[in-house]
Amino acid sequence: MPNSVPSAGTLLLAAARYLEDELLPTLEGYHRFQARVTVNVLRIVERELRLDGPPNEAAAATGNALADAIRAGEIPIDAALAAQLRQGLGEALAINNPKWTHTERPA
């Protein structure tokens, strides 16, 4: 018998669709805004699950150290580093707000 329990991503999308399509049109003001924020959060979490998961703490620490070194002028930004930074930014935007990128990364 196949697994009949929907995946976490499917459940998150269903919750976001309900809020956006059915509940949001009935709300005004503060509650409409909070529902919109909630929809965005649910969609971000779904994309994190689908697109490799959230960054781990070690990767975040490395990224922060790299940013500090670039700001301090310790690491020059050459073409290779610029390409890596663009790729990392594109991956982050695919999760956080894919409308800011031309395409989402494939699942």
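**Entry 1: helix H2**

I began with helix H2, residues 29–50, which has 22 residues and reaches 32 Å from its first C-alpha to its last, close to the 32 Å expected at 1.5 Å a residue. I note here that the model is a predicted one.

Which residues of H2 are buried? I listed Ala 35, Val 39, Leu 42, Glu 46 and Arg 47. Looking down the axis of H2, I found these buried residues within an arc of 135°, so they line one face of the helix. I recalled the general rule: an α-helix has 3.6 residues a turn, so residues three or four places apart point the same way.

I then turned to the face of H2 that points away from its buried side, and there I noted the exposed residues Gly 29, Tyr 30 and Phe 33. For the packing partners of the buried residues of H2, I wrote down helix H1 (8–23) and helix H4 (79–96). Just past the end of H2, I marked Asp 52, which takes a positive phi of about 85°.

Is Glu 46 buried or exposed? I read its relative accessibility as 8%, so Glu 46 counts as buried. Glu 46 belongs to helix H2. Leaving out residues up to four places away in sequence, I found that Glu 46 touches Gly 9, Leu 12 and Leu 13. Gly 9 and Leu 12 are themselves among the buried residues of H1.

Glu 48 is also placed in helix H2. I noted a relative accessible area of 21% for Glu 48, which is partly exposed. The cut-off matters for this residue, because buried means under 20% relative accessible area. I also took down a C-alpha separation of 9.3 Å between Glu 48 and Ala 92, which are 44 residues apart along the chain.

**Entry 2: helix H1**

I checked the length of H1 next. Its 16 residues should span 22 Å at 1.5 Å a residue, and its end C-alpha atoms are 21 Å apart, which agrees. In H1, I listed Gly 9, Leu 12, Ala 16 and Leu 19 as buried. These residues cover an arc of only 100° around the axis, which puts them on the same side of H1. On the face turned away from the buried side of H1, I found the exposed residues Asp 21 and Glu 22. The cover over the buried residues of H1 includes H2.

I looked up Tyr 18, which is found in helix H1. Tyr 18 counts as partly exposed, at 42% relative accessibility. How far apart are the C-alpha atoms of Tyr 18 and Val 39? I noted 9.1 Å, for two residues 21 apart along the chain. Val 39 is one of the buried residues of H2.

**Entry 3: helix H4**

H4 has 18 residues, and I took its reach from first C-alpha to last as 25 Å, close to the 26 Å expected at 1.5 Å a residue. Its buried residues are Leu 81, Ala 82, Leu 93, Ala 94 and Ile 95. Among the elements covering them I noted H2 and helix H3 (57–71).

I followed up Leu 93, which lies in helix H4. Leu 93 counts as buried, at 16% relative accessibility. What does Leu 93 touch, not counting residues up to four places away in sequence? I wrote down Pro 98, Trp 100 and Thr 101.

**Entry 4: the second largest pocket**

I recorded a volume of about 190 Å³ for the second largest pocket. Its lining consists of Glu 20, Arg 36, Asn 40, Arg 43, Ile 44, Arg 47, Asn 96, Asn 97, Pro 98 and Lys 99. Which element gives the largest share of this lining? I found that H2 does, with 5 residues. By class, I divided the lining residues into 2 nonpolar, 3 polar and 5 charged.

Two lining residues came up in earlier entries. Arg 47 lines this pocket and is one of the buried residues of H2. Pro 98 lines this pocket and is touched by Leu 93.

**Entry 5: the whole chain**

Last, I took the overall tallies. I noted 4 helices and 0 strands in the chain, with the elements running α-α-α-α from the N terminus on. Of the 107 residues in the chain, 19% are buried. For contacts between residues at least 6 apart in sequence, I noted that 53% join residues at least 24 apart.

Methods
Residues are numbered from 1 along each chain as its sequence is written. This is a predicted model: local features need pLDDT of at least 70, side-chain atom pairs count only at pLDDT 80 or more; totals for chains, interfaces and linings use all residues. Side-chain values use heavy atoms; hydrogens and water are left out. Helices (H or I, at least four residues) and strands (E, at least two) are DSSP runs, numbered from the N terminus. The expected span of a helix is 1.5 Å times one less than its number of residues. Buried means under 20% relative accessible area, exposed over 50%, partly exposed in between (1.4 Å probe, protein chains only). The arc is that of the directions from the helix axis to the C-beta atoms. Contact means heavy atoms within 4.5 Å. On a 1 Å grid over the protein atoms alone, a cavity is a set of points where a 1.4 Å probe fits but cannot get out, and a pocket is an open set with protein on both sides within 12 Å along at least five of seven lines; lining residues have an atom within 4 Å of a point. Grid points are joined across faces, edges and corners, and a volume is the space filled by probe spheres set on the points. Ala, Val, Leu, Ile, Met, Phe, Trp, Tyr, Cys and Pro count as nonpolar, Asp, Glu, Lys and Arg as charged, and the others, Gly among them, as polar.
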